[in-house]
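Work through the exercises below with the sequence and the model at hand. Each task is followed by its solution in steps.

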Amino acid sequence: MSDDWMNLWHPVATTGDLPHRHTFHGKLLGRELAVWRADDDFVNVWENRCLHRGVRLSIGINDGRELQCQYHGWRYANRTAGCTYIPAHPADAPAQTICNRTFPAIERYGLVWSGEDPLGEVPGFAVLDDGAAFGLRSISVNASAELTIAHLAEYEFQPVGHFDGAAATMTADARSELSVTLTSHAHEAASTAVFYVQPVDADVSVIRGVLSETPADGDQIVTLRHHSTELARLRERIEADAASRPAPTPMVATIEQVPRSLSAVAETPSGRKADYRVVVARKWETAERVAGFELESIGNPLPTYQPGAHIDVHLPNGLIRQYSLTNGPGEGSVYRIGVKLEPGSRGGSSCLHETVREGDVLAISAPRNNFPLRRDSVKTILVAGGIGVTPLLAMAQTLARDGLDYKLHYFAQTDDHLAFAPVLDRLGDGVVRHLGLSPDDTGSTLTQLLAEYDGAYHVYVCGPGPMLEATRDIAADAGWPDDAVHFEYFKNTTEIDDSSTFEISLARSALTLDVPGGKTILEVLRDNGVPMPSSCEQGACGTCSVNVLEGEPDHQDVHLNKSEKAAGNRIMTCVSRAKSARLVLDI
Amino acid sequence: MIKLYDYVLSANCYKQRLMMDILGVGYESIPIDFYPGWEHKGDEFKKINPLGHIPVIDDDGFMLRDAHAILVYLAAKYDPTGLWYPTSDPELIGETAQWMLFAEGTTNTASAARLHVNLGYDFDIEACREGAHRLFRVLEEHLWFREREGLDWVCSGPHPTIADLAIFPDVILSEEGGVSRLEYPAIRRWSDRFKRTPGFSTMPGVFPAGHL
């Protein structure tokens, strides 16, 4: 094999090899591949190995959106191959570093082309470019690609419509290292075919043939049979030749090491990074005063997301705002968010509503999930107030797909205020609409909904502050423990008191720093070169959370619940401070 | 109730369980210590089957041995639709018989390789594997052209027959015997289709297909 085959595009399957919800088992240059078409028509070419125990993903289940390993049920997303769910850890979101290796895929001439590290374009064959190309049955040969292409140059076939007549004369029109274009002439008729040899391994190759013209309906099967028979005869000759030669050294694909601690690897991005550029592919009014946005990536594919995740959107006016993704499982070709025009907008929602238009480019962060969905819940209640429905829509679609027991209770003023109606319609009975309720009626409805608590029930609430607080109080009264009540605030309306001064010791970095009044822990850390991720920077989202080893935090955030605050072992560094003179942080 | 002299890892016993699960026929499994106990070769079991192999069924006193013969009996007796063993159509029943004989071939090659690797039999493993590939190439081409003709199964009818059922376990377990199916995409698509047959059940080493 020549080294530059690693930089070529090779056919790895035919289009017909990827029917609905099938996973194709392929191999190229000694590397096994799992190839599958998702319901959105995207063709995935992946390393054929689950990152968990190395089981072949080609025996996995293609559910149209994700590929699920048969062994322990790890799920990988369409397009990104990022892991979205680990059934053994149903309460946790998988680390975003768990991502399978992907290879590019292009469909052309009825073949799926991929490669190790392909440069340039998929090979072009002028004779096939008029759109009438007709794929032949691929033939696998137990011989090297070099030997197969050498014999293929001598392949003889009859033109369409003249299979029984006098033997045709053959001409070779073009030839490359791995392809040959042959024309058969007989009875003043001619047929041209391109044959490309796929190097599967050192001693296996596949002949992938394409005729330049599609025969008339009545001639198609007989044409396919003719080539199937003649290529099988050619294969016998090639294999007999291969058997008389020494066996070639097997190809060895380089397989990246998977770190043992893979599932425990934490992310450590610093600051408010906006690594992705997206274009507003669609902007529409999805409900009264609510604009829907479809954000499509420019360049890099969008990263894997999980239900409950949000992104930072960097606006043209310099502001940064967080919006939850509404996407269901495996819908990663675009991100969908919903933005409500706030009456007292400080420039975030009004900019998105009034300034940003379809075709505009925005910078966004990778998705972060501080509102993860547990999947070990016997019953899940999702409570949405107004635009708070967005993360819960992603959750509802995931729970519906997994066949888990859930209900999405959507509180809104009127029908016209219900956002993302098509998604709600698809969820059918999973959605209960509560329209036009007064605060008191909302309270009594919530009391009914939360009347019953059983060990493995979980409730997720997202909506305006007063509604969240009411829900938390009602749940607590009905006996729901704090860890069964999950919530996400839009914003922190607490008046922040940043007057205290204290010292922080960083246990891992062996640094002691002073936090003066008027500065946050986060700012002090960054000023001293300690990388820290953050997002909302107002104590709502939970991105800048740090573990506390010693000292008493002065919590001023709305991310932690009462018991988490009382435990005192985590702190939101963007707003919270210390009651004690010193805090020891686990960074 | 039908008694099935059974071993969970046997492909031929799986064929009977699969047929009865698909037809909704209840049965009692009588486990035989096939490996490592070799119970089917013992004197006691030879009173049930002097050939010393399983499966054997006992349907209310009617005893029958040989996997593919039992499939004929079960389908003929318990499938009121007549689709699995289509006796009313001479061509279709002829094809069914032809592919049942083909299944004898896959049993004696692909499944034999698996018995050699996993369950202590001493066969000429290379001959088994070569034989399996020879048959798989024929099946691959056949199924590929079936798809082009709009047909899903080994015989020409619109519904799977006991021939599909007889071939399926030998094919789907072949990798345990060292017979890769990498070269056989049409066989793999047919396997997926077969797994979606209503009532389909699995065994160790056989995984279900996803929903369409």
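Chain A splits into domain 1 (1-121), domain 2 (124-250), domain 3 (276-364), domain 4 (379-488) and domain 5 (502-585), with bounds from an automatic or database domain assignment. This is a predicted model, in which local features need pLDDT of at least 70, side-chain atom pairs count only at pLDDT 80 or more, and totals for chains, interfaces and linings use all residues. Residues are numbered from 1 along each chain as its sequence is written, while chains are lettered from A and ligands numbered from 1 in the order in which they are written.

**Exercise 1.** Describe the contact between domain 1 and domain 2 of chain A.

Step 1. Over C-alpha atoms, the centres of domain 1 and domain 2 of chain A are 28 Å apart.

Step 2. Domain 1 of chain A puts 14 residues into the contact, and domain 2 of chain A 14 residues; two residues are in contact if their C-beta atoms, placed from the backbone, lie within 7 Å.

Step 3. On the domain 1 side, strand S1 (10-14) and S2 of chain A each give two or more residues, and S1(A) gives the most, with four residues. Strands (E, at least two residues) are DSSP runs, as are helices (H or I, at least four), numbered from the N terminus.

**Exercise 2.** Which elements of chain A give two or more residues to the side that touches chain B?

Step 1. The contact joins 18 residues of chain A to twelve residues of chain B.

Step 2. The elements are strand S2 (23-28), strand S5 (61-62) and helix H2 (217-243) of chain A.
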